[in-house]
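Colleague: I am new to this structure. Please take one part and walk me through it closely.

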Amino acid sequence: MLESLKPERVFYYFEEISKIPHGSGNTKAISDYCVTFAKEHGLSYIQDDWNNVIIIKEASKGREQDAGIVLQGHLDMVTVKEEDCSIDFTKDALRLGIEGDTIYAEGTSLGGDDGIAVAYILAVLEDSSISHPHLEAVLTVDEEIGLLGASAIDLSRLKGDYLINLDSEEEGIFLTSCAGGVRGDCILPVEYTDGEGIAYQIKITGLTGGHSGAEIDKERANAIKLAGRLLYELDQEISYGICGIQGGEKDNAIAAECVLHLLIEEKETEQFENLVQTCTAVYQAEYIRSDPNLRIELIKKGASVQRQLQPTSRMKGIYLLANLPNGVQNRSLNIPGLVETSLNLGIVTLDEENLTVTASVRSSVRSRKEALSSQLCYITEFLGGEYRTRGDYPAWEYRTDSKLRNVMIEIYREKYGKEPLVQAIHAGLECGILLEKCPRLDAISLGPDMKEIHTTRERLSISSTARVWEYLIEVIAKLS
């Protein structure tokens, strides 16, 4: 599919990566692929128990004394697909397509985040014509579910002084700091009782979704929060039973869909349907710009006897969903336009024992990250639940004396005749963790243009990929 595209070897490796299942938590095959690559090219490597891989390439002749460069990206991708897509992410290849200047995957996310970084790195390591200092490729796993690989990897053997992270999505923008974050699970024990009535399925769907860091400032609707709001508003007018709740796919993706299963007393079905219709119109009006395709689908399934939440569990569940915070909490007073603190309610599930909501908390200020996580904890524990955290990672702080940044800006200026943008980002990058392990590293992050990452609308620009490749090669050649 991609064999006619330039740079040929970059797109060759990107297509090879797309053939290998590599969703978060399923990275053994892609890790082994990178090890096989190292062996075939006579490069030394380290593969740890987590499936992180480090590949080393010694310096070109005459560049042995130059400071080494660490090239870094992550091996896992966010796996989301359209409802009617038959792909099994545990065993099937992605179905790549080309549309104009972009590459996409049919019915699924593309994995450009961060497959293109891995493709760049393998192409660099393969190319014997590139003048380079000592190179170390650091390929981590499970970045998308809490930067777990970066937290576990041993960097004690690294020799490089410069870190080029290739996990950014906008060409011409150099990232020099990012937010820290933590995953929080709000776990509320529930009990059931037998109920009867008219069964309905409510599907909140058609939302835009998106990345919970990079796009949290766009005020897009979150299906889990809308579900909590709808349940509360229905509760003010009618009585109903809650039999099922399922929403969101990834904690770091804005929830684009949530499904509720309710039991309604037969005498209240007409009022119920009218209320849902009224709420739908209100939500659509509120989110007409950010989520123009928002809709609430109502399916009447008929008379039914089934288990529903008992009254206390029902009340606590509605309270939890309606009152957990979501979205932007604070904006930076130092950097105009930058979100400082936010959270995203990414996944909700209701099973036999618990109602669980998983949130991604982010902030460039550690104390505010901790305070927001504590707020989730307080609400959950107040209701008799348990709050658990995982994947806590530090912010990447701005470095005022960065030689790497200055050199890369100068090379960019000479090559393109304009200044790159130097920015901070609210999304989490692995640089903070890696620099905490290896403080001498001077770091920067860049990448080609990608749109709608973590969604089925994800697109990777072909021309931007080529330009960033040319720039990267020039940086490696000139950085000394």
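Modeller: Keep in mind that this is a predicted model. Start with a pair of facing residues: Thr102 stands opposite Ser461 in strand 21. The strands here are strand 5 (residues 102-105) and strand 21 (residues 459-461). They pair in the antiparallel sense, over two bridges.

Now widen the view. Four strands make up an open sheet, in the order 4-5-21-20, and the pairing is antiparallel. Strand 4 (96-99) and strand 20 (450-451) stand at the edges. Each has a single partner strand, so one side of each is left without a neighbour in the sheet.

Next, the helices that lie across these strands. Helix 1 (residues 8-18) lies across strand 4, strand 5 and strand 21. Helix 1 runs at about 135° to strand 4. Helix 11 (residues 462-478) also lies across strand 4, strand 5 and strand 21. Its angle to strand 21 is about 50°.

For contrast, turn to helix 6 (residues 269-286). At 1.5 Å a residue, its 18 residues should span 26 Å, and its end C-alpha atoms are 26 Å apart, which agrees. The buried residues of helix 6 are Thr269, Phe272, Leu275, Val276, Cys279, Thr280 and Tyr283. They cover an arc of only 140° around the axis, which puts them on the same side of helix 6. An α-helix has 3.6 residues a turn, so residues three or four places apart point the same way. On the other side of helix 6, Glu270, Gln277 and Ala285 are exposed. What covers the buried residues includes strand 10 (192-205), helix 5 (223-235), strand 12 (258-264) and strand 13 (295-309).

Methods: Residues numbered from 1 in each chain as written. Predicted model: local features only at pLDDT ≥ 70, side-chain atom pairs only at ≥ 80, totals over all residues. Heavy atoms only, no water. Expected span 1.5 Å × (residues − 1). Buried < 20%, exposed > 50% of the residue type's maximum accessible area, 1.4 Å probe, protein only. Arc of directions from axis to C-beta. Contact = heavy atoms within 4.5 Å. Pairing = 2+ DSSP bridges. Axes fitted to C-alpha atoms, helices over the stretch in contact; angles between N-to-C directions.
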